Every structure is written in structure tokens, then in C-alpha cells.
Amino acid sequence: MIGSSSVGTNVPTVKSDPIMITDIEEEGGGAEPGSALPPSIPEPTQVQNQVEVVIPNTMEIDRDFLCPICMQIIKDAFLTSCGHSFCYMCIVTHLENKSNCPSCAHYLTTNHIHPNFILNKLMMKTSARQIAKTATPFEQLRQALQQGCEVSVKELDILLSMLAEKKRKMEQEEAETNLQIMHDFLQCLKKQKLEELNGIQAELRYIKEDINVVERQRIELYRAQERYAVKPKMLTEDTSTKKAWPSLVDKHGSGIMSSPNVQGQCRMASGSLQDRRADAKALRSSQMLQRKDACSGSDSPHNTQSGVSAARKRRIHAQFNELQECYLQKRRQRDRQAHKQEERDTTAVSREGFSAGLEDFQSVLSSFTRYSRLRVIAELRHGDLFHAANIVSSIEFDRDDELFATAGVSRRIKVFEFNSVVNESADVQCPVVEMSTRSKLSCLSWNKYTKNHLASSDYEGIVTVWDVNTRQSVMEYEEHEKRAWSVDFSKIEPSMLVSGSDDCKVKIWCTKQEASVLNIDMKANICSVKYNPGSSFHVAVGSADHHIHYYDLRNISQPIHVFSGHRKAVSYVKFLSNNELASASTDSTLRLWDVKENIPLRTYRGHTNEKNFVGLSVNSEYLACGSETNEVFAYHKDISKPAAWHRFGADSEEAEDDPRSYFISAVCWKSDSPTMLTANSRGTIKVLVLAA
């Protein structure tokens, strides 16, 4: 999806109504600057009034004791000829600028002011009383001693002993408090470490059990290999023996031919002996496996496999922490399930003696280490001579993965035949179908049942259903008031489709009706919508409010659940399965959610996405997305770091340009295969495949 600018439109952000300075000025009527202040902020006069009220109440001092200039308790009181008292510094500073009394405006100079001894003495007594009321016992004692209070030596001894006892008790209490704090800390630390130890012991138990299972499987594997190696040898010996029988008959007559039972017994004895030798050899071989691994670093004695095995081991070590966490997570999860439902088959030993958790992890390890890069197998240019804007906003495979459609700012939907693009080495690939639209396009969605039906959403808010065979629109829905970002057909009910728009509305449509059948009003722009592949009632909505809203269309009063975790707008939502939902955001992360348990599963980081729609596509095992560095990233769903990536322009004329000039704008997996389609903002489309 792209924008109205030449580079591309940014992902929408949350709508807001900020208070502008101009609005405040308008409300104030263009009056003085003070009138533009918000009502909650008090003006200076209000603050002064508050001081006048608070100080007498808290200090219990008469208003006459306050200086009319600074509104504080008078210091060094001076009396004017008109009978008013001020702080000396306050009145002197005032008379340097004016020649009047601050209280009555009577003519006044420095010659008309004199010290107010009576008020100063009264202020000192009042201050002493205030201090006596608020002073601590220590301050009172100190003041009494400083003022020369007569105390006998005996009284001082008693006072000192009391102070020493008080000091001893305080020190003891402080020591007890410190020891209690230390004890609590150590107990908490002990509990935490014991929990960690129990966790580690449980993990070690998992590991030991799984090592034993794997070793048994390796022994069985080597035993089977030895048996398969013995059988051809026995067959060869059998054939040579049969060929030797005629000569024996010629030499010794028919006596030998008359004892087939003896021959069979000998053969059985020979076979059982060979089996025992094979088993013993397999056991000896299995005992040497670890030494062979340590010495040669190879999983197999066959040299042809050593290179592949070494490469896969390097991938394991490169992502060891991620794989370790994946293994432990799956084992813990299966262990919890085993304790909850011991009667279920999932708790028993599964295929090949593996526990369910180990089998899950083996699948992850096998698929993750199988691939390490994305290889280009085909490339084509989406642009044409008449349209300079080439950004591909959406690229989608049809129901059977035979055709794929592209759309973008060029206002054209182009449909290509996938096999022709991959197999024919033509400089310019011509689309098999091309349809023009009135506005720039943001999203495409093929019907999962009717192969030739394709839905599109555009920048004018129009949702259109096309017939690719006739190149004509079947239905046009124009209820959205702003740009529509996303559209999706239901897999269960192919006549139903959903769309989301910048008008903060999600609309449900039916191809058999001209108007929407359902409308969901939301508070923020809608960036992406997606039907659950296993339900015609459940829809996921990615919003600019940073959340994913999961709705049951049978009750739209509120969502079933709101998934929180992204820090910016959610640009895409896609389902890996009926219970797994992936989301992309402009916070440069992908996230995986469990819509059944309503919990987050994993966060993926590695790509860069801060403002543009860069695409998101998923299959049962992998997630793929673009990056604003003009790169494509593929993530395994159980590993948080990228499994493979490819940069556009690495082997073309784009390499001469700044990588930041372009970004990946669309991606799409080819069902559950390692092949994907990718497109960037320059209009380049590549077919990539995961490779070792």
C-alpha cells in the first residue's frame, strides 16, 4: 500500500484534536497575553491572594506583622512618618524609585523613616513563641542550655544516662531492623534461586530424557542400516550357492538333493548369526558416535553429507540462544499439558518414541536449519512508459497459485501467469490480464472459491469485485468516506468480504447485495482487516491506535479481545492458522498472537519499518515482510530473529542508488511452499525461494 506522494504514503496514525495556540487566542478574543492562559493556570494576583490567606492561617500571625511590600514577616521594621511599618530593605528599595508610601501614597523620603524598636521586640518575642511551639525536645533543651539555664551536676548525670540508654535502644532497634531487612532479602533470594534451580533441574531432566530417546533412535537407525547391508550380501551368497548345486549333484549323486530340511536349517542358522553380528556391530558403532562427532564434526559417515551437515550445524550455533528458548518453551508447554490431561494421547510417547515436545522441536530444527538465504529465480519490471509511479502496493496469488495479480499507484491491476514468469527468460513480461481503475489501489484479495473473482480497495474508498475473465467489475461499493486500505474475502463463505478505511469503519459486504450488510465504527483509522480462515464470523482488525481488535460478527458491540503490545500503528494482520495471528507495525516489529487463548506468543525483530506499508505474508511455518532498507526478511514462526533475507538492488542497477531511496512494498508466499513474490517501491518484482 502506498501513498499520494512520489515515494509512498505513511501508515495512518491515531486521529487527535490537539488544542492549537490560535484556538486559545480566538477564545480569548485577542486580548492581552494573560487572557490566553488556560483556565486551570492561576494568574499572579491569584497566587498572591493565596499567600495572603495561607500564611496567617498556618503561621497564626496577625496581618499587622506582614510587610505590605513583600507580604512576609517584617524583618528590621522601620516606621514611616505616616504610621506604616515595612521591612527596612523593602522600603529603602521602594523609595529609590518612588517618593510615596506604598500603603497610603503619602509623600515619603528616606528622611521620614525610623526604626520601629517596639515592633522589632514584639516580633522577636512572637518568633520565639512560634519556635517554642514547633521546636523538638532537643531544640528546646539546646535553647535552654544556651540561655544559661541552671542545672546541677547530678541532674546532668541523670540526663546523660537517660540519653545513653535512649541511644543504646535506638542502635539496637536499628540493628534489628537492618538484620530483618537482610534476612528478608536473603529469604527472597533463596526462594528465587530455588525456583531457578528447580527450573534448571526440570530442564536438565527434559534434556537427559531426550538425549536417551535420540541415542536409542540412532542405535535403531544404525542397526537397520547394518541389516539392510547384510540382506544384499545374503542374497548374493544364496545365488552363488544355487549355481553350485548342479555340479555337486553330478559329483555326488542325488543324496545331497534329498536333504532340503538340512539346507534350510543351515540357512536359518547362518541368517540368525548374521543378525547377531549386525546387531553387535550396530551397538559398537553407536558407542563410537560421540567420538566420531567430536573428531570429525559430521553427523554421518558418508562424506557426501558432511558439507550439508556442517552448514546446518553452523546455523544452529548462530541462533543457539533462540533455538534453546524454543526447545525449552515447547517442552514446558507439553509438560504442562501432560500434567493437566494425562489421559490424552498427546501426553504419551509419539512417533518414533519422541515426546510431543521433542517432536515439535525436531520439526522446528529441521525446517529452520534447512534454509539460510533467499535466492532469486525470476525478476520482472512492473512499470510502463506511461506511468512514472511504479510502487506495487499489493501482490497476491490466486486460489490455485497459477496466477498472481499486482496493483499500486499506477491505477492498473495486472495479472501474470506464474509459470511463464519463472520459466521464460523474457526481458519484459506481459500480463495475461490488465484492468484500469479510477484511483490508486491499496489492496487486492482473490476469492478462495470463485477462481476468477478478485477484490480491490482504492484511495477513494471504493471496494470493487472484478471478474478477471471478462475484465469487468462485478460489484462496486462506495460507502467508505475516505481511503480504503484493506479488503479480504472470507475463505469459509466466499460471497462475503470485509474492508477497512481511514474513515474508522469496518464494513462487511456480500457479493449478492449492493449495500454493506454490517458496519463496525471504531475510534481510529483502519489499516488492515482479515477473516479467520476457519470461520466466517471472526475478523481481525489492525488499527492506527496500536492495537489488534478481534471481532465476532455475531456481536459487534465490543471485540472478543484487544491485543496490545505494538507501540505504533498496526499496518497488517494475517492468519497462519485458525488460532495463530501475525501482525506488523511501524514500530519495526512483527508479533504472533494466539487468538484462542488471547495471549502473545512471540515478537520478531530485524527489519526496519517506521512509516511505510512494507508488506506482510505468512504460511504455516514462515512469516515474510519487507523493510525500508529495500530488503526482504523471512522469519520462522518459532524463532524471533530472521532466518533469511535478500536486498533488492544487490545485482541490478538499483545498486547504484541509495538503499534508503526505495523500500519493499509487498510480499506474498506461494501457499505452503518456500517460494514468495516480492515487490518494491521502484516497481521491481522478484520471485524468491528459500535455499540452503
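How are α9 and α11 oriented to each other, roughly parallel or roughly perpendicular? In this predicted model, the axes of helix α9 (residues 306-318) and helix α11 (residues 356-370) cross at an angle of about 110° and lie 9 Å apart. Angles of 65 to 115 degrees count as roughly perpendicular, so that is the label for α9 and α11. On the α9 side, the residues that meet the partner helix are Arg312, Arg315 and Ile316. Across from them, α11 brings Leu365, Ser366, Thr369 and Arg370. Sorted by type, the residues of this contact come out as 3 charged, 2 polar and 2 nonpolar.

Stepping back to the whole chain, the model has 692 residues, and 39% of them count as buried. The secondary structure runs to 12 helices and 31 strands. Taking contacts between residues at least 6 apart in sequence, 52% join residues that are at least 24 apart.

Now for the inside. In soluble globular proteins, nonpolar side chains tend to be buried together. Here, the largest nonpolar core holds 26 residues. Those with the most contacts inside this core are Tyr327, Leu374, Tyr622, Val632, Trp669, Met676 and Leu690. Helix α11 turns up again, as it supplies at least two residues of the core, and so do helices α6 (153-252) and α10 (320-340). The strands that each give at least two are β26 (622-626), β27 (631-636), β28 (642-647), β29 (664-669) and β31 (684-691).

Setting aside neighbours within four places in sequence, Trp669 is in contact with residues including Phe397, Ser617, Val618, Asn619, Leu623, Ala624, Ala634, Pro674 and Thr675. Its contacts also include Tyr622, Met676 and Leu690, which are themselves listed among the residues with the most contacts inside the core.

A second, separate core has 21 residues, among them Tyr459, Trp485, Leu576 and Leu592. Leu592 belongs to strand β23 (residues 589-594) and is buried, at 2% relative accessible area. Beyond four places in sequence, Leu592 touches Leu576, Glu580, Leu581, Ala582, Pro600, Leu601, Arg602, Tyr604 and Lys637. One of these, Glu580, is 12 residues away along the chain, with a C-alpha separation of 6.8 Å from Leu592.

Apart from neighbours within four places in sequence, Val474 is in contact with His453, Val465, Trp466 and Asp467. The C-alpha atoms of Val474 and Thr464 are 7.5 Å apart, and the two residues are 10 apart in sequence.

Finally, a word on backbone geometry in two loops. Arg411 is not a glycine, yet its phi is positive, at about 65°. This arginine lies in the loop between β6 (403-408) and β7 (412-417) and is partly exposed, with a relative accessible area of 37%. Asn630, also not a glycine, has a positive phi of about 65°. Asn630 is buried, with a relative accessible area of 2%.

Key
Residues are numbered from 1 along each chain as its sequence is written. This is a predicted model: local features need pLDDT of at least 70, side-chain atom pairs count only at pLDDT 80 or more; totals for chains, interfaces and linings use all residues. Side-chain values use heavy atoms; hydrogens and water are left out. Axes are lines fitted to C-alpha atoms, for helices over the stretch in contact, and angles run from 0 to 180 degrees between N-to-C directions. Helices (H or I, at least four residues) and strands (E, at least two) are DSSP runs, numbered from the N terminus. Angles under 35 degrees count as roughly parallel, over 145 as roughly antiparallel, 65 to 115 as roughly perpendicular and the rest as oblique. Contact means heavy atoms within 4.5 Å. Ala, Val, Leu, Ile, Met, Phe, Trp, Tyr, Cys and Pro count as nonpolar, Asp, Glu, Lys and Arg as charged, and the others, Gly among them, as polar. Buried means under 20% relative accessible area, exposed over 50%, partly exposed in between (1.4 Å probe, protein chains only). A nonpolar core is a set of buried Ala, Val, Leu, Ile, Met, Phe, Trp, Tyr and Cys residues joined through side-chain atoms within 4.5 Å.
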